[in-house]
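Please look through the sequence and the 3D structure shown here, and keep both at hand while reading the report.

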Amino acid sequence: AGEGPIGKPLATGRDAALAGGGPRHVVLHPDPKVHKAYVAYELTSLVACFDLDVETGAIKCGDGERRPEVRNVMSGLRCNALFAECEEQQSSTDNSDARMYDHLLHDDGGRNAVPVCSDAETSVAAIRLSPDASHVVVSSRIVGAEGAISALPLTEDGCFVPGARTKIRGTIGRGVRDFVVVGGGGSGDDAAPVVIAANQDTDEIVVLRDGKEVEILTKDALTPVCLCVVPN
């Protein structure tokens, strides 16, 4: 690693345990004092939290570096809220319980100390941070079932909260792709952020508010893939 012109790749290490996971997207922690990058692995449904080199911005990985923290986005409980305290919830499409995603988790031989998923059953689509950087939020496409949004809580220094369970909500429709996380920081109903997600296979844009039923914003968005927020 070293300084170079903008656009020049920086040398970085390689984590053999994550190899083959299909890194799809990365987000950076917005606090300039927190040097963290979160990488979503499409094929294994893992999210890895990497340290960043303060001097170069390169991801720290490989020989002599601390291994990244790793979580599986489907290893959690289905709840009626992603950010606030939640109640375990049944699926809106079948009679499964809050542990309905456990069948997607498979042992990877202890390489990452967490289970992995198979892309034949589910795959990660997008990753974002909540506006206050308290959660990593990830969307997952599940074969033959409604999509899912997972929220993984973070500490103030950008690490995964030890022992905290991931909260997962269904998106009603199938093939969830991109999403945005907006709002939060207010009081009452405005205290928690709101997730707006695109269900590509069922032509829907849906809204997920903590503690409330999923709202269908429209069923006429033909194969929606990407979303963005246009400021006033």
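The report that follows goes from the overall fold to the cores, a loop residue, a cavity and the salt bridges.

## Basis of the report

This is a predicted model, in which local features need pLDDT of at least 70 and side-chain atom pairs count only at pLDDT 80 or more, while totals for chains, interfaces and linings use all residues. Residues are numbered from 1 along each chain as its sequence is written, and side-chain values use heavy atoms, with hydrogens and water left out.

## Overall fold

The protein has zero helices and 13 strands, where helices (H or I, at least four residues) and strands (E, at least two) are DSSP runs numbered from the N terminus. Of its 232 residues, 47% are buried; buried means under 20% relative accessible area, exposed means over 50%, and partly exposed lies in between, with a 1.4 Å probe and protein chains only. Among contacts (heavy atoms within 4.5 Å) between residues at least 6 apart in sequence, 50% join residues at least 24 apart.

## Nonpolar cores

A nonpolar core is a set of buried Ala, Val, Leu, Ile, Met, Phe, Trp, Tyr and Cys residues joined through side-chain atoms within 4.5 Å. The largest one has 22 residues, and those with the most contacts inside it are Tyr38, Val47, Met74, Tyr101, Ile127 and Val136. Two or more residues of this core come from each of strands S2 (36–41), S3 (46–51), S6 (122–129), S7 (135–142) and S8 (148–153). Apart from it lies another core, of 15 residues, which includes Ala126, Val137, Ala151 and Ala197.

Which residues does Val136 touch, not counting those up to four places away in sequence? Its partners are Tyr38, Val47, Ile127, Arg128, Leu129, Ser150, Ala151, Leu152, Leu154 and Phe160.

## A loop residue and a cavity

Thr171 is found in the loop between strand S9 (166–170) and strand S10 (176–182). Is Thr171 buried or exposed? Thr171 is buried, with a relative accessible area of 0%, and, leaving aside neighbours within four places in sequence, Thr171 is in contact with Glu146, Gly147, Ala148, Ile149, Val176, Asn199 and Val206.

On a 1 Å grid over the protein atoms alone, a cavity is a set of points where a 1.4 Å probe fits but cannot get out, and lining residues have an atom within 4 Å of a point. The count comes to one cavity of 30 Å³ or more, and about 40 Å³ of space lies in the largest cavity, a volume being the space filled by probe spheres set on the points, which are joined across faces, edges and corners. Its lining consists of Arg71, Leu152, Pro153, Phe160, Val161, Ala164 and Thr166.

## Salt bridges

Side chains of opposite charge can pair when their charged atoms come close. Seven salt bridges are found in the whole structure, each being a side-chain nitrogen of Lys or Arg within 4 Å of a carboxyl oxygen of Asp or Glu. In one of them, Glu42 pairs with Arg24, the closest N and O atoms being 3.1 Å apart. This pair links distant parts of the chain, with Glu42 in the loop between S2 and S3 and Arg24 in strand S1 (residues 23–28), 18 residues apart.

Asp51 and Lys36 also meet in a salt bridge (2.6 Å, N to O). Because Asp51 lies in strand S3 and Lys36 in strand S2, the pair ties together parts that are 15 residues apart in sequence; both Asp51 and Lys36 are buried.

Notes: On a 1 Å grid over the protein atoms alone, a cavity is a set of points where a 1.4 Å probe fits but cannot get out, and a pocket is an open set with protein on both sides within 12 Å along at least five of seven lines; lining residues have an atom within 4 Å of a point.
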